[in-house]
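Here is a friendly briefing to read with the model at your side. We start with the overall fold, then turn to cores and charged pairs.

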Amino acid sequence: MDGPRQDSSLDEEEDMVIIYNRVPKTASTSFTNIAYDLCAKNKYHVLHINTTKNNPVMSLQDQVRFVKNITSWKEMKPGFYHGHISYLDFAKFGVKKKPIYINVIRDPIERLVSYYYFLRFGDDYRPGLRRRKQGDKKNQSLT
């Protein structure tokens, strides 16, 4: 449909929301890049969820606000929302049409190795960012 929506109701396919609650170091950036690449062609919206102080756990007040925003924001549906957030049970807020949660998992050792290199060298998206636990980049000999 072109132009603004004439009525306030959406059919089931248009009302769909998928929440990708990203687990760090599981190829989540690559996965979300695919979502961004495909959104225009497949007519859905992609939205990065930012949380206060990058804390994945929300206060009760933030949970209520989040549920209200997700369920009532018709202009961003169908939608693929992603961020480092914890699972939130929409049913406990009385929501009948709950979002679909998806995730990606990774071999724990490969995830740890990826995390090590991420802390040591950073990433291409924010190359100047210094992380708290990053350490120095010098090669040190143990002999």
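Among contacts in the protein chain between residues at least 6 apart in sequence, what percentage join residues at least 24 apart? The figure is 69%, where contact means heavy atoms within 4.5 Å. Please keep in mind that this is a predicted model, in which local features need pLDDT of at least 70, side-chain atom pairs count only at pLDDT 80 or more, and totals for chains, interfaces and linings use all residues. Residues are numbered from 1 along each chain as its sequence is written, and side-chain values use heavy atoms, with hydrogens and water left out.

**Overall fold**

- The protein chain holds 3 helices and 4 strands, taken as DSSP runs numbered from the N terminus (helices: H or I, at least four residues; strands: E, at least two).
- Read from the N terminus, the order of elements is β-α-β-α-β-β-α.
- Of the 143 residues, 27% are buried (under 20% relative accessible area; exposed is over 50%, and partly exposed lies in between, with a 1.4 Å probe and protein chains only).

**Nonpolar cores**

- The largest nonpolar core has 13 residues, and Ile19, Phe66, Ile70, Tyr81 and Phe90 touch the most other members (a core is a set of buried Ala, Val, Leu, Ile, Met, Phe, Trp, Tyr and Cys residues joined through side-chain atoms within 4.5 Å).
- Two or more residues of this core come from each of β1 (17–21) and α2 (60–72), with α2 giving the largest share, 3 residues.
- Leaving aside residues up to four places away in sequence, Phe90 touches several residues, including Ile19, Phe66, Ile70, Lys98 and Tyr101.
- A second, separate core of 5 residues includes Tyr20, Cys39, Val46 and Phe80.

**Salt bridges**

- The model has 3 salt bridges (a side-chain nitrogen of Lys or Arg within 4 Å of a carboxyl oxygen of Asp or Glu).
- Lys77 pairs with Asp15, their closest N and O atoms being 2.9 Å apart.
- This pair links distant parts of the chain, 62 residues apart: Lys77 is in the loop between α2 and β3 (79–83), and Asp15 is in the segment before β1.
- Both Lys77 and Asp15 are buried.
- Arg65 and Asp62 meet at 2.7 Å, N to O, and both lie in helix α2, 3 residues apart, about one turn of the helix.
- Arg65 is partly exposed at 41% relative accessible area, and Asp62 is partly exposed at 23%.
- Arg106 bridges to Glu110, with the closest N and O atoms 4.0 Å apart.
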